[in-house]
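Here are my notes from going through this one. Have a look at the structure first, then at the points below.

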Amino acid sequence: MGKVIMNVDDSASVRQMVGFTLQQAGYEVITAADGQDALAKLDGSAIHMVITDLNMPNLDGIGLIRQLRANARYKFIPIIMLTTESQLEKKQEGKAAGATGWIVKPFTPEQLIAVVKKVLG
Amino acid sequence: MKDKHRETFKEEASELLAELEDSLLELERSPGDQELMGRVFRALHTIKGSGAMFGFDEIAAFTHEVETVFDLVRNGKVGVTKGLVDLSLAARDEIKALLHGNEPGFSERRQEIIAAIQELMPAPPEGGVEDRPAAPDFPDPDVLPSQELPVTYRICFRPAAEIFLRGTNPLTLFKELRELGECNVIAHAETIPSLAAINPEYCYTAWDIFLTTSRGLDAIQDVFIFVADESDLTIEVIDDGLKPEEDSNYKRLGEILVARGELNPEALDEVLNRRTLIGEALVKANLVNRDQVQSALVEQQHIRGVHKKRHEAQATGSIRVPSAKLDKLVDLVGELVTVQARLSQTADVLEDPQLLSIAEEVETLTGDLRDNVLNIRMLPIGTIFTKFQRLVRDLSAELGREVELSTSGAETELDKTVLDKLNDPLVHLIRNSIDHGIESPEVRVKSGKPGKGKLCLTAGHSGTQVVIRVEDDGVGLDREAIRAKAVGLGWLAPDAEIPDKELFAFIMAPGFSTAREITSVSGRGVGMDVVKKAIEALRGSIEINSRAGQGTAITIKLPLTLAIIEGLLVTIEDEFFVLPLAAVTECVELTREDVAKAHGHNIANVRGEIVPYIHLRERFQINGVPPAIEQIVITEMDHNRVGFIVDNVIGEQQTVIKSLGRIYQGVEGISGATILGDGTVALILDVPQLMHREILEPRAARLQGN
Amino acid sequence: MEIKLAESNVNNSVKLEGSLTVERAAELKSVLVESLSRMDRLHLVFENVTEVDISFLQLLCAAHHTAARKKKKLTLDGHRPELLRSAVAEAGFVRQEGCAIDVREICIWKEGWS
């Protein structure tokens, strides 16, 4: 059974690239365009990991991480945030909100898979 | 694939640019609107981030400048002015042009926009760090691991209590560390509270990890990259891979604890004086806890293991010598052993105490020298195992099989001369397994087996012998076909009951083949008889086990070395002979009455069992009269017991094998010669060959004649 | 991801099934607390274990110490699923000499893990 990863990003091209890369590596992917969309789609279903962008409309990445950590169902799942090198502060904020780790944009498919394997084991 | 992502990005960016234009125009009308500022920033941020992802580096770099100013705008540090909006709209048009591939490269227009935008921004704080193009946080996975020496680290890792609540599972970190090299993990569980007090979602455990890796400190730090900030993490080198071997015992337990600062040296001395088990004593004295002792023990074992490996690596990697030189050395040691035996004998006769003690010393030294010299020629069998991976791969492709080869015991050592001669028989056995043993995937699946066949090569020691097995999970031998063929050849009576092992042994007899079709693999003229002969030439034995439908295992037993064997020295008249002791099971007397009872047949009754024998005096045409009581040396090979009649059994003898000169090489029944202590030559009997020629073949011929 | 807890009061044994991980740690803790308060001898049996993590090993340790202090007995069934064994080994919980609290004779990590 492939593990399920949710990818949250307001950029369609990033969603496409992340989704494609993860599917190629055998994971099942659910995508959402922002934090609110993610929460709507997450309603109680089994997710093994979340990869989220930080800057998003409606509900941003930090807000999403806080909400996930407050939900018993997603309290312990790995959450990886996508940041850019100019967002060092955001990285700290994300960690404080409960993010497991981060990937710095731009990244290659190989780097993405390396991080996913790192936290999913 | 990348092109598809690029196309998606272009579409997305076009939409974002349109949105950007709208938002900017609206922002001009309502300059204080936070929502609008956020929208502009996000559009720029996405264009920059995604652009960089899909190789639009110029767009990413240029957009970054505009994004930076809007980050300040939304944080209230720069106000929205008409000038800013104008510049931003101009920038938007530039991005659009770049997106469509216009005006790439250096552009004066873009430089002007950037310069104007930067003027709008407040002076950056001292050493502004945010905008430097940071090095990627992750090492390029393509970077080759450095070819450095393996270094051993002690990693002390005490994660934050909330580590689970941030989605980290320490077990995955340990798994990653294990991928870097040899790794031992030991938990400090003493801080785990009672059941009533524990918060089950917190982590209370700390770990000491001992890791030997040549990948360097960076690789270890990368493992902990996500947790390093909130954890206590120290990484120390405890063995740099360079230290010479003077200290192969590593530190003692107490010293490790002192070196870590967990124990003070005075306390250690005091406890040491009490002379009990140190770990036990330290715990009793409440100086350290059991987890700390356990961790120190693991460290000690880990480092000892590292030293041992290094030692072995140095031992194998140090010097290359042509094997002819080693052969010469072995010859010389052989001569020395012979001379030493004469020295001992002479000293015995002369009964001179001084000479005796010298002779004894020489004997000890010679023994050590012999063992060491023979050891030099020993090579791990893995050197030939590795070649077989390719063979199996090619053969299975050729024959339409799927075969997985696994090997174990590759470190088992054998004399080089044995190893050289072992290659061909093993290749043949592997070919047989793939060609006749392992079925095609379709057939296998039909009979409920996995489509991929298994072939196992294992080697190991058993006493003074090396045991090598070639085992497959194929179709197994066809018992009935072999039986029918054996009966057809007249080797077996139609109603004879015969154990499987003996039945299977028929396929190793010359002129026996049950292959129903000749393929490019097996039809090469060499059959199992050749394999058997080759193994016997190495003074080894071979045995077949098989179960229909489940597979076949072929077991080869070989002596460790060919140069020196344990022999049994016997005499006939004044001739000396040596039988390999490994083949001898017992010696019994043969009286004239026994001979008479056998009515002219060369058989003896040994405790109720009929044992055929070979009269060596007759066989080698030695003149003279046999003594009234002769000796039968009973040997056993392949479950056949055969006796050899000699005059006297003298005793066990370390036998240095000398090959016979070329002229005598074809002499049947003799495999070599040795020189005894007094200089006399003794011939070494070729037991398997004699057994076949004198007993088994005539027996088969008789059966066929019937 | 399902966990089942079945117990039979007849032989003082509690059966732990499914995923023994931090997601269920609170639930597992209350099972252990409740069982230990009720029984003088608690025997844990593992069946169909699908996942084990550090949080569960910590709980076992805590329960064991508590039992030892209260002069009660906590034992683990001899049949130990591979997943549990490997988690114990990979997390470095195996002990040659008993655990920190001086319960050398009865440390649960001492034997039967390799």
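The points take chain A first, then a helix pair and a sheet in chain B.

1. A caveat before anything else: this is a predicted model, so please read every point below with that in mind.

2. Chain A has 5 helices and 5 strands, and along the sequence they run β-α-β-α-β-α-β-α-β-α. Of its 121 residues, 50% are buried. Looking at contacts between residues at least 6 apart in sequence, 60% link residues at least 24 apart.

3. Over in chain B, take a look at helix H3 (residues 57-74) and helix H4 (residues 82-99): they pack at about 170°, and their axes are 10 Å apart. Anything over 145 degrees counts as roughly antiparallel, so that is what H3(B) is to H4(B).

4. Which residues make that contact? From H3(B) come B:Glu58, B:Ile59, B:Phe62, B:Thr63 and B:Val66, and they meet B:Ser88, B:Ala91, B:Glu94, B:Ile95, B:Leu98 and B:Leu99 of H4(B). By type, the contact has 7 nonpolar, 2 polar and 2 charged residues.

5. Further along chain B, 5 strands make an open sheet with mixed pairing, ordered S14-S17-S18-S16-S15. On average, neighbouring strands here are turned by 35° against each other, ignoring direction.

6. Within chain B, strand S17 (residues 630-637) pairs with strand S18 (residues 640-646) in the antiparallel sense, over 7 bridges.

Terms used: Residues numbered from 1 in each chain as written. Chains lettered and ligands numbered in written order. Predicted model: local features only at pLDDT ≥ 70, side-chain atom pairs only at ≥ 80, totals over all residues. Axes fitted to C-alpha atoms, helices over the stretch in contact; angles between N-to-C directions. Helix = DSSP H or I, 4+ residues; strand = E, 2+ residues; numbered from the N terminus. Parallel < 35°, antiparallel > 145°, perpendicular 65-115°, else oblique. Contact = placed C-beta atoms within 7 Å. Nonpolar A, V, L, I, M, F, W, Y, C, P; charged D, E, K, R; others polar. Buried ≥ 20, exposed ≤ 12 C-beta atoms within 10 Å, placed from the backbone. Pairing = 2+ DSSP bridges.
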